[in-house]
Amino acid sequence: THFGYEQVPVTDKASKVADVFHSVADKYDIMNDLMSAGVHRLWKRYTIETSGAKKGDTILDLAGGTGDLAAKFARIVGPNGLVTLSDINGSMLENGRQRLTNMGIAGNIEYVQANAECLPFADNKYDLITIAFGLRNVTDKDAALKSMYRVLKPGGKLMILEFSKPVVPGLSTIYDQYSFKLLPLIGKVVANDEDSYRYLAESIRMHPDQETLKGMMDEAGFERTSYHNMTGGVVALHTGYKF
Ligand code: SAM
């Protein structure tokens with residue numbers, strides 16, 4: 001489905017990313033479980049547990065896709081809170097909307113198709129912003145970080161969950177083998193889409209490492225920035241605050 005998708009002039013990277021996620025949208029959830037052997041659930045659980053999200057909060061889940069984090073946050077914030085599930089891709093967002101609606105989540109959630117580089121939200125709106133496995137797909141990451149900073153409340157927190165650089169000796173080699181050989185193969189067999197999963201492996205390799213991303217957050221204005229490595233640095237959770 002190409003629900004809500006508008007053809008607009010975009011960069012090569014942006015149009016490649018759009019193709020990839022229109023293509024994988026319907027198989028997205030099963031592929032996530034398969035590719036990470038279910039471990040993405042633990043990475044996300046840790047993110048939720050350390051988020052400090054509470055009843056009544058206003059939370060933005062950016063590049064939220066099929067809504068794993070947004071679903072959990074909607075339960076936490078309750079009827080007086082608000083969760084915005086936002087994604088640039090109409091197919092991913094529509095799958096997320098259907099999935100969450102089927103889970104009985106309604107009333108305290110909104111769905112907004114938007115580019116993280118230029119968010120269509122008011123200044124100082126959100127208590128918490130999360131972006132899970134999304135930032136590496138964004139073309140202009142500095143613009144996106146600035147945009148997130150703008151819409152965050154003073155005292156608010158940004159959490160970036162993303163693939164990063166393995167820090168355990170030997171892990172990089174195994175990980176390279178996995179992502180460049182096995183990942184496209186799983187993509188081919190399960191989703192009949194080798195190219196999209198090859199893109200995924202490449203985008204992970206190109207993404208800034210832990211210290212570089214932390215520096216980019218500092219540059220965008222975030223304070224008390226830090227990161228926490230998971231699974232030997234295969235994934236890192238970066239946090240920063242706006243004061
Ligand atoms: N957050 C979800 C999760 O953890 O399962 C989905 C992650 S998925 C790997 C990456 C998502 O980023 C896709 O849904 C894609 O459409 C979205 N995305 C890519 N570029 C974006 C941009 N510039 N602004 C907003 N979302 C973007």
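The model is predicted, so local features need pLDDT of at least 70 and side-chain atom pairs count only at pLDDT 80 or more, while totals for chains, interfaces and linings use all residues.

View 1. Helices (H or I, at least four residues) and strands (E, at least two) are DSSP runs, numbered from the N terminus. The phi of Ala37 is near 55 degrees, a positive value in a residue other than glycine. Is Ala37 buried or exposed? Ala37 is exposed because 8 other C-beta atoms lie within 10 Å. Here a residue is buried if 20 or more other C-beta atoms lie within 10 Å of its own, exposed if 12 or fewer, and partly exposed in between, with C-beta atoms placed from the backbone.

**View 2. Asp87 and the annotated binding site.** The unreviewed UniProt entry carries a "binding site" annotation that covers Thr66, Asp87, Asn115 and Ala116. UniProt positions are given in the numbering used here, feature names are shortened, and annotations may be inferred rather than shown by experiment. Asp87 belongs to strand S2 (residues 82–87). This residue counts as buried because 29 other C-beta atoms lie within 10 Å. Look around Asp87 and, leaving out residues up to four places away in sequence, you will find contacts with Ala63, Gly64, Gly65, Met92, Leu93 and Gln113. A contact means that two C-beta atoms, placed from the backbone, lie within 7 Å. Asn115, also in the annotation, is in the loop between strand S3 (109–113) and strand S4 (126–132). Asn115 is buried too, because it has 21 C-beta neighbours inside 10 Å.

**View 3. The shell around the ligand.** Among the 19 residues around the ligand, Ala63, Gly65, Asn89, Ala116 and Ala132 come nearest. A residue is near a molecule or strand if its C-beta atom, placed from the backbone, lies within 6 Å of it. By type, the shell holds nine nonpolar, seven polar and three charged residues. In this count Ala, Val, Leu, Ile, Met, Phe, Trp, Tyr, Cys and Pro are nonpolar, Asp, Glu, Lys and Arg are charged, and the others, Gly among them, are polar.

**View 4. Leu93 in helix H5.** Leu93 lies in H5, residues 90–102, and is buried because 26 other C-beta atoms lie within 10 Å. Which residues does Leu93 contact, beyond its neighbours within four places in sequence? They are Asp87, Tyr111 and Gln113. Between Leu93 and Ala132, which are 39 residues apart along the chain, the C-alpha separation is 14 Å.

**View 5. The largest nonpolar core.** This core has 61 residues, and those with the most contacts inside it are Ile59, Ala70, Phe73, Val83, Ile129, Ile131 and Leu161. Strand S5 (residues 152–163) gives the most to the core, with six residues. A nonpolar core is a set of buried Ala, Val, Leu, Ile, Met, Phe, Trp, Tyr and Cys residues joined through C-beta atoms within 7 Å. Zoom in on Phe73 and you will see that it touches Ala53, Ile59, Asp61 and Val83, not counting residues up to four places away in sequence.

**View 6. Strand S1 beside strand S2.** S1 (residues 58–62) is mostly covered, as four of its five residues are buried. Four bridges join S1 to S2, and the two run parallel; strands pair if DSSP finds at least two bridges between them. Thr58 stands opposite Leu82 in S2.

**View 7. The hairpin of S6 and S7.** Strand S6 (residues 223–230) and strand S7 (residues 235–241) run antiparallel and are joined by six bridges. His228 has Leu237 in S7 as its bridge partner. Four residues lie between the two strands of this hairpin. Thr231, in the turn, has a positive phi of about 50 degrees although it is not a glycine. Thr231 counts as partly exposed because it has 17 C-beta neighbours inside 10 Å.

**View 8. Leu145 in helix H6.** Leu145 has its place in H6, residues 141–151. Leu145 is buried because 26 other C-beta atoms lie within 10 Å. Leaving out residues up to four places away in sequence, Leu145 touches Met216, Met217 and Ala220.

Definitions and conventions
Residues numbered from 1 in each chain as written.
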